[in-house]
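Hi,

Here is the structure I promised to pass on. Have a look at it first, and then read on for what turned up.

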Amino acid sequence: EDILDTLISKRRAAVENSAYLNYVYGLIYDRNNEPARAFAAYKKAVALSGNFASALTNLGVHQLSNKQYGDAVDTYEKLTGQLGRTDASSWSSLGSAYRGQSADYDPGSPNRNQLLQKAEAAYKRALSASQSYGPAYYNLGLLYLDADPFPDSGGSLDTLVRLNRAKTYFDEYKNMPGVDLALYDERMKDVTKLIKREEKKRKKSTGGG
């Protein structure tokens with residue numbers, strides 16, 4: 001950072017509007033745990049060079065962290081579309097942007113349903129790109145766990161089907177490199193509790209037990 005500051009002080013006119021320089025500042029601020037400054041640096045880099053894929057990727061990370069889901073959708077759609085990024089991380093991040101944006105709409109609304117289906121498709125594209133990409137399994141599990149109702153063939157996915165699908169993806173996540181076992185245990189506790197509650201509810205409604 002000191003070296004870059006010196007460079008700017010000596011050759012300000014030549015370098016202060018350099019997209020790459022702002023991108024490197026962003027990396028430094030991220031390393032120094034200064035997210036607000038990193039975000040501003042990546043944003044300026046992208047403003048100076050709209051097709052700077054690495055800066056866009058890091059900008060998208062901060063947009064997701066800041067819950068700026070609409071902006072993140074634009075960022076990752078550009079990366080996976082116009083700029084041709086096909087890596088698992090980009091697709092999974094796009095899925096998370098869609099999932100986050102879906103919360104802006106009422107349950108069962110067409111806009112929400114469309115975003116949830118786009119999220120599902122993006123996460124599955126991530127797994128097509130890399131079957132060992134753990135975050136995509138985790139995010140699919142989270143998608144099915146939280147999205148109630150979940151759209152399916154013009155209606156809604158059966159609750160037990162949805163919850164068991166979440167459980168399956170969390171189990172897959174457990175077997176992936178870099179798994180966070182504490183996170184896995186927490187989510188499995190959530191989904192198991194909901195499955196038992198739904199099974200008990202159905203048993204009661206049919207006069208069993």
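Let me start at Asn 51, which sits in the loop between H3 and H4. Helices here are DSSP runs of H or I with at least four residues, strands are E runs of at least two, and both are numbered from the N terminus. Asn 51 counts as partly exposed because its relative accessibility is 46%; buried means under 20% relative accessible area, exposed means over 50%, and partly exposed is in between (1.4 Å probe, protein chains only). Setting aside neighbours within four places in sequence, Asn 51 is in contact (heavy atoms within 4.5 Å) with Leu 56, Lys 78, Gln 82 and Leu 83. Arg 162 is another matter: Asn 51 and Arg 162 are 111 residues apart in sequence and 38 Å apart in space, C-alpha to C-alpha.

Some housekeeping before the rest. This is a predicted model, where local features need pLDDT of at least 70 and side-chain atom pairs count only at pLDDT 80 or more, while totals for chains, interfaces and linings use all residues. Residues are numbered from 1 along each chain as its sequence is written, and side-chain values use heavy atoms, with hydrogens and water left out.

Now the overall picture. The protein has ten helices and two strands, and along the sequence they follow the pattern α-α-α-α-α-α-α-α-β-β-α-α. The C-alpha trace spans about 80 × 35 × 25 Å along its principal axes. Of the 209 residues, 42% are buried. If you take contacts between residues at least 6 apart in sequence, 54% of them join residues at least 24 apart.

H3 (residues 35–48) and H4 (residues 53–65) pack at an angle of about 140 degrees, with their axes 9 Å apart. That angle makes H3 oblique to H4. For reference, axes are lines fitted to C-alpha atoms, for helices over the stretch in contact, and angles run from 0 to 180 degrees between N-to-C directions. Under 35 degrees counts as roughly parallel, over 145 as roughly antiparallel, 65 to 115 as roughly perpendicular and the rest as oblique. H3 passes H4 in a left-handed crossing, the term for when the near helix is turned anticlockwise from the far one by less than a right angle (clockwise would be right-handed). On the H3 side, the residues that meet H4 include Phe 39 and Tyr 42, and on the H4 side they include Leu 59 and His 62. By class, the contact of H3 with H4 has nine nonpolar, three polar and one charged residues.

The contact of H4 with H5 divides into nine nonpolar, four polar and two charged residues.

Asn 33 is exposed because its relative accessible area is 65%. The peptide bond from Asp 148 to Pro 149 is cis, with omega near 5 degrees; Pro 149 lies in the loop between H8 and strand E1 (151–152).

Which residues touch the most other members of the largest nonpolar core? Phe 170 and Val 191 do, out of 57 residues. A nonpolar core is a set of buried Ala, Val, Leu, Ile, Met, Phe, Trp, Tyr and Cys residues joined through side-chain atoms within 4.5 Å. H8 (residues 134–146) gives the largest share of this core, eight residues. Leaving out neighbours within four places in sequence, Val 191 is in contact with Leu 145, Leu 163, Ala 166, Lys 167 and Phe 170.

Cheers

Terms used
Ala, Val, Leu, Ile, Met, Phe, Trp, Tyr, Cys and Pro count as nonpolar, Asp, Glu, Lys and Arg as charged, and the others, Gly among them, as polar.
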